[in-house]
Amino acid sequence: MAIHDYIRKRFFPHLWCPGCGHGTVLNGLVRAIDDLKIRKNDIVMVSGIGCSSRITGYVDAHTLHTLHGRALAFATGVKMSRPELHVIVPMGDGDALAIGGNHFIHAARRNIDITALVMNNQVYGMTGGQFSPMSDTGSRATTAPLGSVDPPFDVVKMATAAGASYVARTTVFHVRQMITLITEAIRHKGFSVVEIMSQCPTYYGRKNDLGSAADMLEAFRDHTAPVGSAALAETPGLIARGVFVNEDRPEYCEAYRRRAAEIKARGGA
């Protein structure tokens with residue numbers, strides 16, 4: 001099977017703005033799936049609402065487009081009923097950690113075998129450029145024209161503290177790393193989170209004078225460094241990218257079924 005076989009070509013051209021990083025994430029995702037040689041019938045992609053959530057519409061697999069912030073709740077139901085399937089959830093920063101924050105925390109706590117791809121462009125792009133839980137303090141948005149005073153969430157720290165057993169971060173500039181991390185996350189048995197820093201030149205970039213999409217990509221190159229590198233200690237403000245957590249822990253669906261079997265063996269209902 002070729003990579004383009006995973007794409008619903010009839011829905012192209014896509015709806016993303018010129019320079020948006022989400023198309024690069026789509027590219028990396030289908031390449032990761034192709035590297036793993038997963039059959040399309042063995043994939044379920046679940047999304048909520050937002051620019052990032054449109055990825056499910058372009059992947060030729062089983063897809064479920066749900067309510068804003070509720071993708072992980074629906075994905076949990078899918079995984080519990082069909083644990084043999086690969087469940088992948090592309091989300092935006094607001095979809096994952098604003099209205100969807102509680103679902104994110106509890107999916108991580110349970111360590112259910114779902115792959116969450118959090119595209120962090122620091123803004124609500126689809127609804128007009130409002131600031132998000134990941135917008136930097138001081139950044140401007142339609143709902144913060146003079147600069148936001150809110151501190152941003154750290155996706156990696158949030159996922160780690162909540163109990164995700166695989167946590168990673170990369171950017172759309174680092175395409176090869178992104179493909180590798182998505183591949184590892186899908187293969188991992190447990191709740192996997194990959195934060196992917198993605199540029200939004202239309203809203204976040206324009207309102208914060210960050211230049212073109214190419215300029216924003218170069219910023220990802222210049223302002224990140226690999227986990228464990230000396231540069232992180234030597235240069236304040238650099239963002240770490242790579243794998244932060246990769247642990248074997250009991251997976252929720254398997255633990256649930258074991259408990260059900262134990263109760264049944266004791267003569268329970």
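**Pairing of β3 with β4.** Strands β3 (residues 86-92) and β4 (residues 115-120) run parallel and are joined by five bridges. Valine 89 is placed opposite alanine 116 of β4. Strands (E, at least two residues) and helices (H or I, at least four) are DSSP runs numbered from the N terminus, and two strands pair if DSSP finds at least two bridges between them. The model is predicted: local features need pLDDT of at least 70, side-chain atom pairs count only at pLDDT 80 or more, and totals for chains, interfaces and linings use all residues. Residues are numbered from 1 along each chain as its sequence is written, and side-chain values use heavy atoms, with hydrogens and water left out.

**The open sheet.** Eight strands with mixed pairing follow the order β2-β1-β3-β4-β8-β7-β10-β9. β2 (62-65) and β9 (224-226) each have a single partner strand, so one side of each lacks a neighbour in the sheet.

**Helices on the sheet.** Helix α1 (residues 22-36) touches β1 (43-47), β3, β4 and β8 (192-197), and its direction makes about 160° with that of β4. Helix α3 (residues 71-81) lies across β1, β2 and β3, at about 180° to β3. Contact means heavy atoms within 4.5 Å; axes are lines fitted to C-alpha atoms, for helices over the stretch in contact, with angles from 0 to 180 degrees between N-to-C directions.

**Lining of the largest pocket.** A pocket is an open set of points on a 1 Å grid over the protein atoms alone, where a 1.4 Å probe fits, with protein on both sides within 12 Å along at least five of seven lines; lining residues have an atom within 4 Å of a point. Of 25 lining residues, Gln122, Asp136, Met197, Phe220 and Ile239 lie nearest the centre of the largest pocket.
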